[in-house]
Amino acid sequence: MKRIMVLVLTVCLLVGCAVKKNDPQIIDTIQTGFTTYYELSDGTWQKDGNIYKYRLVISGRMPNAAIDSTFVYLSNRKTITFTQAWKAAGLSSRMEDYFSTEQAVLVDWK
């Protein structure tokens, strides 16, 4: 019994030490009206286990709108146009206008 407990403890210690020191750490937690996402120590962003290179804040005015809108995307694309942003936010009926979760994800809309 004692040997089994020592073995279990050793395995737990080894698994705990397996985390690389170079893995990015969470430095900020951002909660929006939509979701929660994280800023990482290496300058990337994380949501639902996916890592994104960029956080894009995209503002403009949608057709026939009275005021401007701002969309915040986490993205692996360097740029997203305002038209792409509002269509992919759920306002298009065409599936081609949406991003895959590997490309970009909407995290806020104002």
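Strands β1 and β2 form a hairpin with 4 residues between them. Strands here are DSSP runs of E with at least two residues, helices are runs of H or I with at least four residues, and both are numbered from the N terminus. Strand β1 covers residues 26-31 and strand β2 residues 36-40, and the two pair in the antiparallel sense over 5 bridges; two strands count as paired if DSSP finds at least two bridges between them. Within this pairing, Ile30 has Tyr37 in β2 as its bridge partner.

Strand β2 also pairs with strand β3 (residues 45-47), again in the antiparallel sense, over 2 bridges. Here Glu39 stands opposite Trp45 in β3. The hairpin of β2 and β3 has 4 residues between the strands, and in it Gly43 takes a positive phi near 90°.

## Basis of the model

The structure is a predicted model, in which local features need pLDDT of at least 70 and side-chain atom pairs count only at pLDDT 80 or more, while totals for chains, interfaces and linings use all residues. Residues are numbered from 1 along each chain as its sequence is written, and side-chain values use heavy atoms, with hydrogens and water left out.

## Overall composition

The protein has 2 helices and 7 strands, which follow the pattern α-β-β-β-β-β-β-α-β along the sequence. Of its 110 residues, 30% are buried. Buried denotes under 20% relative accessible area, exposed over 50%, and partly exposed in between, with a 1.4 Å probe and protein chains only.

The protein exposes about 7900 Å², of which carbon and sulfur atoms supply 56%. Accessible areas come from the Shrake-Rupley method with a 1.4 Å probe, and for residues only the protein chains shown count as cover. Among contacts between residues at least 6 apart in sequence, 35% join residues at least 24 apart; a contact means heavy atoms within 4.5 Å.

## The β5-β6-β7 sheet

An open sheet of 3 strands has the order β5-β6-β7, with antiparallel pairing. Strands β5 and β7 stand at the edges with a single partner strand each, so one side of each is left without a neighbour in the sheet. The twist averages 25° from one strand to the next. Strands of a sheet pair through backbone hydrogen bonds, either parallel or antiparallel.

Strand β5 (residues 54-60) pairs with β6 over 7 bridges, and Tyr54 has Ser75 in β6 as its bridge partner. On the other pairing, β6 and β7 are joined over 5 bridges. In β7, Leu106 is the bridge partner of Tyr73, and Val105 is that of Leu74.

Strand β6 (residues 69-75) is mostly covered, with 7 of its 7 residues buried. Ser69, Phe71, Tyr73 and Ser75 point one way from β6, whereas Thr70, Val72 and Leu74 point the other way; all are buried. In a regular strand the side chains alternate between the two faces of the sheet.

Helix α2 (residues 82-91) lies across β5, β6 and β7 and runs at about 85° to β6. For this angle, axes are lines fitted to C-alpha atoms, for helices over the stretch in contact, and angles run from 0 to 180 degrees between N-to-C directions.

## Partly exposed residues

Ile26 lies in strand β1 and is partly exposed, with a relative accessible area of 47%. Not counting residues up to four places away in sequence, Ile26 touches Tyr38, Glu39, Leu40 and Gln46. Ile26 and Gly43 are 17 residues apart in sequence and 10.0 Å apart in space, C-alpha to C-alpha.

Arg61 lies in the loop between β5 and β6 and is partly exposed at a relative accessible area of 48%. Leaving aside neighbours within four places in sequence, Arg61 is in contact with Ala66, Ile67, Asp68 and Phe82. Arg61 and Trp86 are 25 residues apart in sequence and 9.4 Å apart in space, C-alpha to C-alpha.

## A nonpolar surface patch

Phe34, Leu91 and Trp109 make a nonpolar surface patch of about 280 Å². Patches are made of residues with over 30% relative accessible area and no salt bridge; like charges are joined within 9 Å, and nonpolar side chains (Val, Leu, Ile, Met, Phe, Trp, Tyr) within 5 Å. A salt bridge is a side-chain nitrogen of Lys or Arg within 4 Å of a carboxyl oxygen of Asp or Glu. Trp109 belongs to strand β7 (residues 104-109) and, at 31% relative accessibility, counts as partly exposed.
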